[in-house]
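Here are a few friendly notes to read with the model open beside you. They cover aromatic rings first, then a helix pairing.

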Amino acid sequence: YTIFIKDIDNYSNIKIALESLKISDNGALLVLSFERWRAYQYWNGYEYRIGYNSSASDTNINGLTEDQAYSLFRQSLKTAEKKLRSELGSKVTHLTQNQYDALVSFCYSAESISKAVIGSTIYDLRIAIQNAVDADSGIESTADVWNNVASMIQGHDEQGDRRIAEASVLMLGDYSDLKNRSWLRTEGIQ
């Protein structure tokens, strides 16, 4: 990612205290861009889902409006943020907004940052993040260690397009190609 140009409108190297960070509107749209709104239950091969990929047990069985689905989505996003903070532990105290958004997105869809599966190898993404945060406060090149985190995210074996988008947000602040809720609502209706 060091050969790419950072999106100066969305990238900031300002570190924010982890307890003050909340997913940004662009971060929420990043996550939402990879979900489909469905008003009624559907079987995903493992379980019934509804809305923006919410568990059908959490919802009204008769269907959901897009606003109801979005409300459930935001609750799920808050759960992912809590899980991310818990898994990062006390060693990670500051992140940039784009780093936080990318990690919340990964945690939301992979349900954890404890591992990134690349081929048949399992990597502990938490350790890579902690090493990157340590490098931010030391003399080691921070681009290299954050590149390692981005590579682990991008190489994770599932949902390739989503992983590329998360790595781009992490390293470049590139939130391009986000789909807004009205686009998703129209797609869901059709």
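1. How exposed is Tyr48, going by its relative accessible area? Please bear in mind that this is a predicted model. Tyr48 has a relative accessible area of 47%; exposed would need over 50% and buried under 20%, so Tyr48 counts as partly exposed.

2. Now to the rings. The structure contains four aromatic pairs. In one of them, Trp43 and Tyr48 have ring centres 4.9 Å apart and ring planes at 65 degrees. Planes over 60 degrees apart count as edge-to-face, so that is the label for Trp43 with Tyr48.

3. Do have a look at Phe73 and Tyr108 as well. Their ring centres are 5.7 Å apart with the planes at 70 degrees, so this pair is edge-to-face. Phe73 belongs to helix α2 (residues 66–88) and Tyr108 to helix α3, so the pair ties together parts 35 residues apart in sequence. Both Phe73 and Tyr108 are buried. Ring pairs also join Tyr52, Tyr70, Phe73 and Tyr108 into a cluster.

4. Helix α1 (residues 25–32) packs with helix α3 (residues 97–110) at an angle of about 30 degrees, and their axes are 9 Å apart. Angles under 35 degrees count as roughly parallel, so α1 and α3 are roughly parallel to each other. Their crossing is right-handed. On the α1 side the contact is made by Gly27, Leu30 and Val31, and on the α3 side by Asp101, Ser105 and Tyr108. Sorted by class, this contact of α1 with α3 has three nonpolar residues, two polar and one charged.

Methods
Residues numbered from 1 in each chain as written. Predicted model: local features only at pLDDT ≥ 70, side-chain atom pairs only at ≥ 80, totals over all residues. Heavy atoms only, no water. Axes fitted to C-alpha atoms, helices over the stretch in contact; angles between N-to-C directions. Helix = DSSP H or I, 4+ residues; strand = E, 2+ residues; numbered from the N terminus. Parallel < 35°, antiparallel > 145°, perpendicular 65-115°, else oblique. Left-handed = near helix turned anticlockwise from the far one by under 90°. Contact = heavy atoms within 4.5 Å. Nonpolar A, V, L, I, M, F, W, Y, C, P; charged D, E, K, R; others polar. Phe/Tyr/Trp six-rings, centres within 6.5 Å; stacked < 30°, edge-to-face > 60°. Buried < 20%, exposed > 50% of the residue type's maximum accessible area, 1.4 Å probe, protein only.
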